[in-house]
Amino acid sequence: MPDKIARAAAAGLVPILIVGEPEPGPRAERLWSQQLEVGLARLPDHGELVIAYEPTWAIGQTDPAPSGHVVEAVASIRELATRHVRRTRVLYGGSARPGTFSDIADAAVAASLPVPQGIFLGRAGLDPETFLATAAEVQRARAGARDAAD
């Protein structure tokens, strides 16, 4: 994985690193930290990175991970990553669909934590109408979160 990140960055691409844990629980942050450490090891100091938080226990499920969990995970991942990367964006993925991002943004604002910069769609991204509806939702929710922070 680190070689792919280094090659992508050297080619002028912004690598995407997917991190997550196999099950919810107290070990999750340690797992993200290890995954980030491996992924960031070969990224140039000036590099840019997109991190998708995608807990494997939420992939393919009826419901995404709980919004409160996602908000805390994204804040932790962002904090760990910004120690090493000049510019990073953190997204959420894992059974994401329309409504997921708004729920996460509302939970982030309520907890005074950062809102993810976007969403990482799997199945829901295959349908054009669902994709466009989700993209519009992210845009509205991020704008609303900025307004709430002001």
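In helix α2, the buried residues are A28, L31, W32, L36, G39 and L40. Viewed along the axis of α2, these buried residues lie within an arc of 150°, so they line one face of the helix. The structure is a predicted model, and the values below are computed from it. Helix α2 contains 13 residues and spans 18 Å from its first C-alpha to its last, close to the 18 Å expected at 1.5 Å a residue.

The model has 2 aromatic pairs, listed here.

| Pair | Centre to centre | Angle between planes | Class |
|---|---|---|---|
| W32 and Y53 | 5.5 Å | 85° | edge-to-face |
| Y53 and Y92 | 6.1 Å | 50° | tilted |

The class of each pair follows from the angle between the ring planes. Planes over 60 degrees apart count as edge-to-face and those under 30 degrees apart as stacked, with the rest being tilted. For W32 and Y53 the planes are at 85°, and the pair is edge-to-face. For Y53 and Y92 the planes are at 50°, so this pair is tilted.

Both pairs can also be placed along the chain. W32 belongs to helix α2 (residues 28-40) and Y53 to strand β2 (residues 48-53), so their pair ties together parts that are 21 residues apart in sequence. Together, W32, Y53 and Y92 form one aromatic cluster.

Phi of S95 is near 60°, a positive value in a residue other than glycine. S95 is placed in the loop between β3 and α4 (100-111). Phi of S112 is near 55°, again positive in a residue other than glycine, and S112 is found in the loop between α4 and β4 (118-120).

Which of these serines is buried, and which is exposed? The relative accessibility of S95 is 11%, so S95 counts as buried, since the cut-off is under 20%. S112 has a relative accessible area of 66% and is therefore exposed, the cut-off being over 50%.

Note on methods:
Residues numbered from 1 in each chain as written. Predicted model: local features only at pLDDT ≥ 70, side-chain atom pairs only at ≥ 80, totals over all residues. Heavy atoms only, no water. Phe/Tyr/Trp six-rings, centres within 6.5 Å; stacked < 30°, edge-to-face > 60°. Helix = DSSP H or I, 4+ residues; strand = E, 2+ residues; numbered from the N terminus. Buried < 20%, exposed > 50% of the residue type's maximum accessible area, 1.4 Å probe, protein only. Expected span 1.5 Å × (residues − 1). Arc of directions from axis to C-beta.
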